[in-house]
Amino acid sequence: MAARATLSPGSSPPMSSSLAGINDGVSVTLSPDAVPFSPLAPGDREEMGSVAGQFSHYASKLRSLRAGDPASLKTQLNLLFDQLISENYSPNHNIRPEEVCALLIHVTRLVPLSQEHLVVKLCQLTHHLLNQLQHLIELLGDGGVLRLYSDPSQPDMELRRAALTCMANLCLGVPGQASLEDPYRSVCFRVFLQTLQSPKPPDAEELLYCTVIQGAVKGLQSSLCGGKWRFGGQEELGALLAVLKRLMFQGCPGVCVEWPSVLYPAPLPQYETCSTTKPPEPPQNPPTQTSGNKKKKSRGRGRKGGGEDEEREADPRLQRGGRGGEAWSKTSVLPSPGVPSLYPLWKRSSSDSEFSDPEGAAHSKLRLFHGRVRQGVLLCLLAVVKAVEKRTLYGYWSSFIPDAPIGGPPPLTLLTVVLKDPSPKVRACALQVVSALLDGSRQFLGVAEDLAPARTSYTPFSFSLATAVRELHRSLSLALLAEASAHTLTQIIKCLAHLVCNAPYNRLRPGLLSPLWRQIQPYLRHRDVNVRVSVLTLYGALVSTQAPLSEIQLLLTHTSQEMGLSWRQREGFSSPHTPPSHKYHNSHTPRGSHTPGEEEPGVPWLLQLCVSLVTQPRDDQSDSEGPGGGGATALEPSPVRLEALQVLAHLVRGYFPLCQACLCELGQVSARCLRETDPSIQLHGAKLLEELGTGIIQQYRPDNSQSESCRVPISQVVQFWVDVLSGPLNGALQSHQHPTLQTSACDTLSSILPQAFTQLPEKSQVLCVTVLLGLTYSDNSLVKAAAVRALGVYILFPCLREDVMFVADTANAILTALDDRSPNVRSKAAWSLGNLTDTLIVNMGCVGEVFQEELSDMLVLQMLQSATTAAFDKDRVKSNAVRALGNLLHFLSVSQLTRPGFQRPLEEAVSALVTTVQSEATMKVRWNACYALGNAFRNPALPLDSASWSGDAFSALCCVVTSCQNFKVRIKSAAALSVPACRHCYGDAERFGHVWHSLAAALEHSEETQDFLEYRYCSSLRHTLTHTLTHLLRLSQSQDMPALGMSLVMEEGRGFKEHLVKYLRGEGGMDGGKRGGGGGTEGVGETEGGRGETEGERERKGEERVRTLGETLERLRSLCVDGEEDGDEGRDGGEEERSALVVVAFLEDVLRSCEELKVSHSD
C-alpha cells in the first residue's frame, strides 16, 4: 500500500481557493459522538485573523471528526489538510507543542493506510508543522518516535515501513519552504542506511520486507535530492555504494555471491567471490529465440505506456533470451555450473503448470515488488552519482563498469542489469546511471589508450580504461540488439551517445565506431519518435567527437554496395522493430532515383539523410507522433527535424571538406528553416548558417595546410553570402519578439569571410554594418552582446579597419556597451575594444600618422579611460580591457602625450596594468597584463626613463618573473622586459641591475614549481629568459658592468652560461608561449623558436644569435680599451673596468664552447 506513499520531488498539495469555509455547502455524515455545531463568537472571529487562531480553528474541526462515511471523511480530511499546509507557521506564533502532537495523533487514527493520497498529505502536514515549529526533536531526536519505530529491531514491519515513509517525506520537504536541517537529515540518512544493511528478519513476510526496503531507498534518494554529498567521508560512501550494489540484484535467482560491506576506491576491478552455497541448477536447454521470432514477439507486444507492462516477467519467452541471449552465450557469459546465474527461475521452464493459479499470482506479485525495489535502488544510485564529485566516483568505476574479465565468473555490474534484468523499467534506470557516470568523464577516460602493444608484465591503468571502454561498447551493442521496449531502447542509445562523447577514440585502436555506426542505421526508421531522435543524437555525437576522425571520415565517404544494402536492410540482419515496408526509405531518399548507398561520390550519406528529414514529407506516420502527424504532406515531427539540423551543424563543423560540395544546398535548407514559423526551427537554421560561414573561414586561415584548389572558391563564397543576405536572414535580424533568434542571426553575420565581405555589393556591406550598429542599442542583453561581438569581428576586416568613420562609430557603440549592467555585454564589449585597438596598431604601420591625426583625440581619451575602468571589472572583462590598454598606450602619439588632459589618464592606465600584474586575478588576466605592459614599452614616445610610473612597471614585472607560480605569466613578463629598444628606457644603473638580477634568478630557479603541469613550459621559460638577458647584454653600458660582472661570477652566472650555449645553438625553442594576443584570444607575448622549425631554420637562427653576441663582445671590448686609454684611476672607473673584463671573459668562454660543440658535431 504505502510503499508508494511518498511525495515526488517538486510536487505540492493541491489547493482550492474556493474552499476556505471547509463545511460550506458540503454535507458530511459523522458519528453520533461528533461535537455539535456552534457558531463563532465575536472574540473567536478576531482570533481567526491570526495564524495561531486559524490553526486552532482547523485543528478543532479535525478533532471533531470521527470515523464515519469513508467518502465524506476523505473529503473533509483532504480539505482541512490543504488549509493547514497552506499556512506559514513559525515558533513565535505561540502554537503549543501539545496541541500539535495531539492533533497529529488524532489524525493518524483517522487516515486509512489504504488511502495513499491522504497518507502523503499527512506526511506533508507532519513535516510542515514540526519542521517550521521546530518540534522535530520529538520525532528524530534520541528516543524520538520515528527513530524508535524505524529501528531494525522493530517487530511490526508495517509500523516500521510507515515510520521510514514519514522520514523520507521529511527529507524531501515542501517546495518553497525550509528544508530539513543537516543534523536531522544526517540522522535520517543513517537510519535509512542501517535499514538497508540489516538482514531480513526470519519471520518477516517477503512482500512487506520489500516495502520496508522501498521506504528506506526512497528516503536515501530524498536525502540526496538537489544537493551535494554531505554524509561523511569515504567509509560512508563506500558502505552506501556496497549496499546499493547488493540491492541492484534483489530477487534475482542465482546471484550467490558474498557481498562486501564496504566498497573501496581502487584502480582495479573488484570481483565478487562465489559463496559456498550451491547455486541453482542451470537450465538444460536455455530458451533461445531466433531474430525472426524475437521480431514477431516484440511486434505482438507493441503496446504503448502500460503495454510494455511493469515487469515483463509474466511471459518467459519475451525475456532476455532472444538475440541478446545468443550474443551473451557467444562471449561466454551465459551461466554455467558453478557460475552465478541471473536467468530467473520462473523463466527456466516452458510449462505454466508448475504452480497453481494462486501460487502463480503470488510469484508474479513477488517479482513485481522485487522489480520495484531494484528500480528504486537504481534511482537512488543515480542520485548518489549526481551528488558526489566526479573525481571521487572515478575510484568506484570498477565496481559498476566492467572491463573484459580474464577467466572466472563475470562481474556483477550495472551492465549485468542492463543485459539480464527482466524489467524494462529497471534496465532503463540502470542505463540512466551508466549515462550519469559517463557524463562529464572525458578527462578521466582521456587517459585510456591501447594503441601500443599490450604489456605482459603488468597492465597499465590506461590500458584497463581502454578495455572498459571496449566492454561498454560490446555490452551496450548487445543490449541494443535484444531490447524491445521503446523507452529502454531510447536510454540505450542515449547511453551510447554519452560514451561516444567522452571516450578518446583518437587514442584507441580503430574499429569501435564502424559497427556502431551501421548497427543504429535501422533504428532511423523506428516507429517511436523518441528512438529516432536519440539515434540522431548519437550520430551527432559520432561526427563531433574528436573531429575529424579517420574512421568517421571513411564511414561518411563510404559508397560501396554494402552500405546501400545496409540501408535497405540487407538479408540476414533485421531490426526487431523494422516494419516490412520500405516507405520510410523512399521518403527519406533525396530527390531522384538514387538510394543513399548509390549516391554520387563525395556527398556524405548522413548529410543527405538529415536534409531529407528536415525538408521532405514523411509517408508512414506512426501513432506515437500525436496530433498533426497524419497526412501525406506532413513533415517529420519537430524533435526529429531539430535533431537533424543539429547533426548537420556538427557535420559541417567537424567535416566541412566533405560538406562543402553541398554549400549552396545547405544554404537553401537554412533559408527554408528561417522562413518557417517555428522559432526553434528558425534558430537552428541560423546556427547552421553560422557553422557554414565558420567552416569557410577555417579554410582560409593562414595556418591551414589545405591546398587552395580544395577550398571553396571566393566567387562561390561571395554568391553564397549574397543569397543569404537577400533571403530571410533579414527578418531574423529584426525579429524582436525572438531575441535568441536575433542573437544567432548576429553570430551568423560575424561568420562572413573577410575576403568575401570585401567583394560583397556595397548595399550588402552597408546592411550588415547598419543592422549591427543598431542592435548594439537593443534592450535585450543577449542581442546587444552578440551585436557588439560581431562589430569586434568586423573591425578586423581590411576593408573596414581603415575607415575612420566606421572605427569611430564602432568605438562609440563599444564604449556604450562597456557601461551596460550585464556582465556578458561588458565582456563582449571589452573583447571588441581589444580588437579595435589591435586595428589601431595595424593602421599605424599601414596608414601611418595620417590615421592617428584623423582619429579624434577625445575618442582616444574616452577609450583609454573606459578601458582603465574596465580593468577593475570582473576577470572576463578585465582580461581584454588590459589588452586594450596596452594597445592604446602603444598608439598614443607625442602630441597626445604632451597634452595635459592625457597625463592623469596615462598614469591611471599604467597603474591599472601594474595592479593587475600583481593581483590575485586569474592567470589569463595576469599574462595579458604583462603582455600589455610590453606592448606599451614599444611606444618610443613614452618617457620610460623619467616617468614616475615606469619604476612601478619594471618592479611589477621583475616581481612576477621570479615569484609567480604560473610559468606562462613568467614567460610574458620576461618577454615584456625584453621590449625596450634603448638602454635609457631601463633607467639608471640600479634599475638596470635589478632587472638583470631578477631575470638571472628566475633562470636559476626555472625548474622549481609546485605544479607538475607547469613543467611543460620550462623550456619556453628558459628560452625567453635567456633571450631577454642577451638583450640586456647587448644594451649594457659601462655603468652597468659591476652588476653584470658580480652576477656572472656567482652560481646564477654558471647556470646562465649553460642555457646561453643552448640558446645560441638554437636548442630549447618555445613550447608553450606562442603569441596569441591578436584577435582577443589570450594576449600573450611575442616569441621566438616556435615548434615545427626545421633543422636548417634552427641553424640559421643560431648563427644569427652567435653573430649578434659576437658584436656585443666586440662592443664590450671597446669599452675596456676606452677605459684603459682614459687612464681613469678612480674607484668607480676601476671597478667598471674590472667588471667589464669579467663580462668579456664570460662571453669569450661562451662563444668558445659553442665553437667546440659545433666542431664536435661536425666530426
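**Salt bridges first**

Modeller: The side chains of D820 and K784 meet in a salt bridge, 2.6 Å from N to O. D820 sits in the loop between α39 and α40, and K784 sits in helix α37. The two are 36 residues apart, so the pair links distant parts of the chain. Bear in mind that this is a predicted model.

Colleague: Is D820 buried or exposed?

Modeller: D820 is buried, because its relative accessibility is 17% and the cut-off for buried is under 20%. K784 counts as buried too, at 14%.

Colleague: What does helix α37 look like?

Modeller: Helix α37 covers residues 781–794. It has 14 residues and reaches 20 Å from its first C-alpha to its last, close to the 20 Å expected.

Colleague: How many of the residues of α37 are buried?

Modeller: Eleven of the 14, so α37 is mostly covered. Among them are V783, L791 and Y794.

Colleague: And what do the buried residues of α37 pack against?

Modeller: Several helices, including α34, α36 and α40.

Colleague: What happens at the start of α37?

Modeller: A side-chain oxygen of N780 reaches to within 2.9 Å of the backbone nitrogen of L782.

Colleague: Back to salt bridges. How many are there?

Modeller: The count comes to 27. One of them joins the side chains of R641 and E676, at 2.5 Å from N to O. R641 lies in helix α28 and E676 in the loop between α30 and α31, so the pair ties together parts 35 residues apart in sequence. Both R641 and E676 are buried.

Colleague: Which residue does D1149 form a salt bridge with?

Modeller: K1057, with the closest N and O atoms 2.5 Å apart. D1149 is in helix α54 and K1057 in helix α52, so this pair ties together parts that are 92 residues apart in sequence. D1149 is partly exposed, with a relative accessible area of 25%. K1057 is also partly exposed, at 25%.

Colleague: New topic. Which residues form a nonpolar patch on the surface?

Modeller: V145, L148 and Y149, with about 250 Å² of accessible area together. V145 is found in helix α7.

Colleague: Last one. What is the secondary structure of the chain?

Modeller: It comes to 54 helices and two strands. Of the 1163 residues, 55% count as buried.

Notes. Residues numbered from 1 in each chain as written. Predicted model: local features only at pLDDT ≥ 70, side-chain atom pairs only at ≥ 80, totals over all residues. Heavy atoms only, no water. Helix = DSSP H or I, 4+ residues; strand = E, 2+ residues; numbered from the N terminus. Buried < 20%, exposed > 50% of the residue type's maximum accessible area, 1.4 Å probe, protein only. Expected span 1.5 Å × (residues − 1). Contact = heavy atoms within 4.5 Å. Polar contact = N/O pair within 3.5 Å; in protein donor to acceptor, adjacent residues only side chain to side chain. Patch = residues over 30% accessible without salt bridge, like charges linked within 9 Å, V, L, I, M, F, W, Y side chains within 5 Å. Areas by Shrake-Rupley, 256 points an atom, 1.4 Å probe, with all protein chains shown as cover. Salt bridge = Lys/Arg side-chain N within 4 Å of Asp/Glu carboxyl O.
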